[in-house]
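Thanks for making time this morning.

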Amino acid sequence: MDIKLFDSELKVMSVLWREGDATAKHISDVLKEETGWTKYTVMSFLKRMEEKGAVHYEDGGRAKR
């Protein structure tokens with residue numbers, strides 16, 4: 001199955017690929033200087049990415065590839 005991700009979602013995935021499982025806060029901290037995104041923006045991306053089957057977002061706040 002092919003999963004199509006937008007450039008913004010690929011930025012989030014790049015953090016997960018590089019660092020492994022991470023919280024939305026950690027991902028936003030890593031990308032903040034480059035993008036200016038807040039934790040809530042990253043959480044929105046993660047929700048969309050989970051709907052696409054690209055990641056699994058746990059209730060405890062951790063995203064998994």
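Let me start with Lys25, which is partly exposed at a relative accessible area of 46%; here buried means under 20% relative accessible area, exposed means over 50%, and partly exposed lies in between, all with a 1.4 Å probe and protein chains only. Please keep in mind that this is a predicted model, in which local features need pLDDT of at least 70 and side-chain atom pairs count only at pLDDT 80 or more, while totals for chains, interfaces and linings use all residues. Residues are numbered from 1 along each chain as its sequence is written, and side-chain values use heavy atoms, with hydrogens and water left out.

Which residue pairs with Lys25 in a salt bridge? The partner is Asp29, with the closest N and O atoms 3.1 Å apart, and a salt bridge here is a side-chain nitrogen of Lys or Arg within 4 Å of a carboxyl oxygen of Asp or Glu. Asp29 and Lys25 both sit in helix H2, four residues apart, or about one turn of the helix; helices are DSSP runs of H or I with at least four residues, numbered from the N terminus. Asp29, at 45% relative accessibility, is also partly exposed.

Leaving aside residues up to four places away in sequence, Ser28 touches Trp37, Thr38, Lys39 and Val42, where contact means heavy atoms within 4.5 Å.

By the rule I gave, there are four salt bridges. One of them joins Glu9 to Lys52, with the closest N and O atoms 2.8 Å apart. Because Glu9 lies in helix H1 (residues 7-19) and Lys52 in helix H3 (residues 39-52), this pair ties together parts that are 43 residues apart in sequence. Is Glu9 buried or exposed? Glu9 counts as buried, at 0% relative accessibility, whereas Lys52, at 27%, counts as partly exposed.

Another salt bridge brings together the side chains of Lys11 and Glu34, at 3.4 Å from N to O. Here too distant parts of the chain are linked, with Lys11 in helix H1 and Glu34 in helix H2, 23 residues apart. Glu34 is exposed, with a relative accessible area of 54%, and Lys11 is partly exposed at 31%.

Finally, how do H1 and H3 cross? Their axes, which are lines fitted to C-alpha atoms over the stretch in contact, with angles from 0 to 180 degrees between N-to-C directions, come within 10 Å and cross at roughly 90 degrees. The two helices are therefore roughly perpendicular, a label that covers angles of 65 to 115 degrees. The contact is made by Ser8, Glu9, Val12 and Met13 of H1 together with Phe45, Leu46, Arg48, Met49 and Lys52 of H3.

Notes: Parallel < 35°, antiparallel > 145°, perpendicular 65-115°, else oblique.
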